[in-house]
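Trainee: Could we go through this structure together, one part at a time?

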Amino acid sequence: MRYSQFMIPTLKEIPSDAQVISHILMLRAGMIRKLAAGIYIYLPLGLRSIRKMEQIVREEMNRAGAQELLMPMVQPAEIWQQSGRWHKYGPELLRLKDRKGGEFCLGPTHEEVITYLFANEIKSYRQLPINLYQIQDKFRDEIRPRFGLMRGREFLMKDAYSFHTTEEDCHREYKVMYDAYTRIFKRAGLNFRAVEADTGAIGGSRSHEFQVLAQSGEDLILSCDQCSYSANVEMAETAAPPEEARTVKAAKAEMEPLREVETPDQRTIEEVSVFLKAAPADLCKTLIYFDDQGRFYAVCIRGDCDVNEMKLRRALGVTAVYLAEDADIEKLTGAPTGFAGPVGLKIPVVADTTVKAMRNFITGANKKDVHLVGVNLERDVTIERFADIRLAQEGEVCPRCGTGRYKAYRGIEVGQVFYLGRKYSEPMGANVLGPNGEPIVCTMGCYGIGVTRSVAAAIEQNHDDDGIVWPAPLAPFEVHLVPLLMQGEAVVEATEKIYAELTSRGVETLMDDRDERAGVKFKDADLLGLPIRITIGKKALEQGAVEFKLRREAKVELVPLDKLLAKVKDTLRALYDECKP
């Protein structure tokens, strides 16, 4: 492709509304343009990378035995009401009405549509298992769309759904998809981790996220440095709490008498520990939460730890939990925020497992400016239940292998696999007749990949101060030809010949045929970030050579013209081999 004939509206300045590097570089490199908040036009250069990611996904899904279809983006309310999600999904579901007053929504996901299709078309166990997928636009009305394609409202996604007669077969397909995703992201040239994750609004009981590692990632991942266990910090299990030896020693101490201590204006763990000359681990933090049914709980955790609200939600068996407002806290405890404690409370007390080993600890006294010292569980507090509700931390012992320690990474979620069970098939009648003629409620799996988000994540992971540094499989072109002084006959002739040879051999080549200064062309080449840059200049041609440079390396080498094609082919082969599963 000739640069002069290709739409690449590059920008010199950083756009004012762009915050993360992928958003900045995709705008500057002429890959996308904003139409509305969270809604983007994919320009030709950007679309080429998106299509490449899409093709990798399609090839691996087909290889894994899935079948491609295409479902409508506009979905009727009836099927969402049937699944029970019409009112539960939240404001991210964009609802609309047609001219007859019929209610519809723009699809944020397609569990309802695929289950409706299955229930009406698949009748026998002999037709199973089946895995159906699509690559299609989704719309989620994010309250704060930001970061370009990283968190937009409209985006391109691959979503797949499998149906099975048994749980065992669904778990088998889950593993098939897990392996397919591993191949997809490896082929895309991305450094990633598959981590245990929460199922979120999709539902189900088992899930893994595929996280591209990048410093700008929104998610915190904890990964064992000795075994394969990795999890989103919200899901990461905990083993023995920090400072285990000190805690065990404290547990052997004699029980002290319970007493009140004046702590004027000392509300936080830090303030109280300094005031009472105690370690934060000697304090029991008490937080008041309420669930989606309006029920209140006192949640206790050691002072040097933090509550993991996702774990708390699961421990309580509720859909959501929220921190109580100041007025509710004072009503329930009799004291302002900062002085709550579990002693004498009339609401259920839920405690983290770290609290079990505590002895003679400090808590709020449920009185303003007062704390209790010498608190002991067996004498002073009634705990309704203990659970792992602690947020895991880097450096802790891995609960799976018991020898490794957690290492923290930042990640960008680009894909997720779910075991749904019968969450949708049961209410929507996705049944088949079994071998004995009796109906079987099908078990489902769900598997999603953010196609456009994966491309943005690739940039977040692969860039430098000058621009994008594409992994070869996602680069919009493989080679960037940069001829200097296009009015020079020798340079033009050599460039045209090289361009013809490369394109005839199937090498995707962008030729910068603009009449621009060398500095402008080099800056744009670095910004666009294609894997190979070939510079054709008068001096090098006099030696029968051109300059050859990998975008990710500083080294420039002279390559004879008669060896250039072989050099390009060998280099590209090596770059793609790096990404082989």
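Trainee: In which sense do β4 and strand β6 pair, and over how many bridges?

Mentor: β4 and strand β6 (residues 103-106) pair in the antiparallel sense, over three bridges. Two strands count as paired if DSSP finds at least two bridges between them. Helices (H or I, at least four residues) and strands (E, at least two) are DSSP runs, numbered from the N terminus. Please keep in mind that this is a predicted model, in which local features need pLDDT of at least 70 and side-chain atom pairs count only at pLDDT 80 or more, while totals for chains, interfaces and linings use all residues. Residues are numbered from 1 along each chain as its sequence is written, and side-chain values use heavy atoms, with hydrogens and water left out.

Trainee: Which residue stands opposite V74 in β6?

Mentor: That is L106.

Trainee: What is the order of the strands in the open sheet?

Mentor: The three strands are arranged as β4-β6-β5, with antiparallel pairing. β4 (74-76) and β5 (95-97) are the edge strands, each pairing on one side only. From one strand to the next, the twist averages 40°.

Trainee: And what holds strands of a sheet in pairs?

Mentor: Strands of a sheet pair through backbone hydrogen bonds, either parallel or antiparallel.

Trainee: Which strands pair with β17 in the parallel sense?

Mentor: Strand β15 (residues 296-302) runs parallel to β17 and is joined to it by three bridges. Strand β20 (residues 385-387) also pairs with β17 in the parallel sense, over three bridges. V350 in β17 is the bridge partner of V299, and D352 stands opposite A387 in β20.

Trainee: Which way do the residues of strand β17 point, and are they buried or exposed?

Mentor: In strand β17 (residues 349-352), V349 and A351 point one way, V350 and D352 point the other way, and all are buried. Buried means under 20% relative accessible area, exposed means over 50%, and partly exposed lies in between (1.4 Å probe, protein chains only).

Trainee: Changing topic to helices: at what angle do the axes of helix α1 and helix α11 cross?

Mentor: The axes of helix α1 (residues 21-28) and helix α11 (residues 451-461) cross at roughly 105° and come within 8 Å. Axes are lines fitted to C-alpha atoms, for helices over the stretch in contact, and angles run from 0 to 180 degrees between N-to-C directions. α1 and α11 are therefore roughly perpendicular to each other. Angles of 65 to 115 degrees count as roughly perpendicular, under 35 as roughly parallel, over 145 as roughly antiparallel and the rest as oblique.

Trainee: Which residues meet there, in α1 and in α11?

Mentor: I21, S22, H23, L25 and M26 in α1 meet V455, A456, I459 and E460 in α11. The residues of this contact of α1 with α11 divide into six nonpolar, two polar and one charged. Here Ala, Val, Leu, Ile, Met, Phe, Trp, Tyr, Cys and Pro count as nonpolar, Asp, Glu, Lys and Arg as charged, and the others, Gly among them, as polar.

Trainee: What about R453: where is its place, and is it buried or exposed?

Mentor: R453 lies in helix α11, and it counts as buried because its relative accessibility is 16%. Not counting residues up to four places away in sequence, R453 touches L149, M150, R151, E218, I412, E413 and V414. Contact means heavy atoms within 4.5 Å.

Trainee: How many aromatic pairs does the structure hold?

Mentor: The structure holds twelve aromatic pairs. W80 and Y89 form an edge-to-face pair, because their ring centres are 5.6 Å apart and their planes stand at 80°. Rings of Phe, Tyr and Trp (its six-membered ring) pair if their centres lie within 6.5 Å; planes under 30 degrees apart count as stacked, over 60 as edge-to-face and the rest as tilted. W80 counts as buried at 0% relative accessibility, and Y89 counts as buried at 13%.

Trainee: Why is the pair of F185 and F192 tilted?

Mentor: The ring centres of F185 and F192 are 5.9 Å apart and their planes are at 55°, so the pair is tilted. F185 and F192 belong to one aromatic cluster that also includes Y178, Y181 and F210.

Trainee: Finally, how many helices and strands does the protein chain have?

Mentor: The protein chain has 15 helices and 31 strands. Buried residues make up 52% of its 581 residues.
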